[in-house]
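Q: Please take a close look at a single part of the structure shown below. I would like one connected account, with the cut-offs stated.

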Amino acid sequence: MNNLKKIIPLTLLMFACAFSFGQQKDWDKIRTLKVAFITERLNLSSKEAQTFWPIYNEYQTKREELYVKGHEEIRKKFDESEKLSESDSAKLLDKYLLYENEEEALEQTYLKKIEKVISSKKTLLLIRSEGDFKRKLIKQYRDKHKN
């Protein structure tokens with residue numbers, strides 16, 4: 001389950017790039033669709049929504065920042081890993097593991113914050129809904145680019 005949660009922002013980012021080639025309006029459209037999807041799935045009361053969305057939006061911003069940081073510092077270097085010395089590979093692996101731990105800590109922190117605002121049941125539904133949204137986005141992308 002943790003791997004799925006780690007893949008969600010990466011996959012959304014990847015497909016958003018594929019859809020938009022960097023166009024901000026497409027990012028905004030995907031975010032808007034995601035908000036609508038999650039809102040419908042969680043069936044939030046107005047009170048829940050008022051406290052949930054600021055926390056969730058802050059979480060998403062920090063996830064995106066962490067992804068960019070991880071991509072710049074680590075993932076770009078993976079392509080060149082065959083050229084790295086053993087020592088440099090060990091350092092890169094250590095950075096990657098620290099990044100993974102940071103990502104996990106961020107997720108745990110925010111899921112605990114979210115659980116205080118909405119129920120545990122709705123928090124689990126949120127996790128599932130993020131995965132469902134990602135799969136729906138991928139399916140739409142595939143359907144659009146068939147043939």
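A: Buried means under 20% relative accessible area, exposed over 50%, and partly exposed in between (1.4 Å probe, protein chains only). The model is predicted, so local features need pLDDT of at least 70 and side-chain atom pairs pLDDT 80 or more, while totals for chains, interfaces and linings use all residues. Residues are numbered from 1 along each chain as its sequence is written, and side-chain values use heavy atoms, without hydrogens or water.

Ile114 is one of the residues with the most contacts inside the largest nonpolar core, which has 18 residues (buried Ala, Val, Leu, Ile, Met, Phe, Trp, Tyr and Cys joined through side-chain atoms within 4.5 Å). Helix 2 (24–42), helix 3 (46–78) and helix 4 each supply at least two residues of this core, and helix 3 gives the most, with eight. Ile114 is also in contact with Tyr56 (heavy atoms within 4.5 Å).

Tyr110 belongs to an aromatic cluster with Phe52, Trp53, Tyr56 and Tyr59. The charged end of Lys113 sits over the Tyr110 ring, 4.6 Å from its centre (NZ of Lys or CZ of Arg within 6 Å of the ring centre and within 35 degrees of the ring normal).

Terms used
Helices (H or I, at least four residues) and strands (E, at least two) are DSSP runs, numbered from the N terminus. Rings of Phe, Tyr and Trp (its six-membered ring) pair if their centres lie within 6.5 Å; planes under 30 degrees apart count as stacked, over 60 as edge-to-face and the rest as tilted. Lists of a residue's contacts leave out its neighbours within four places in sequence.
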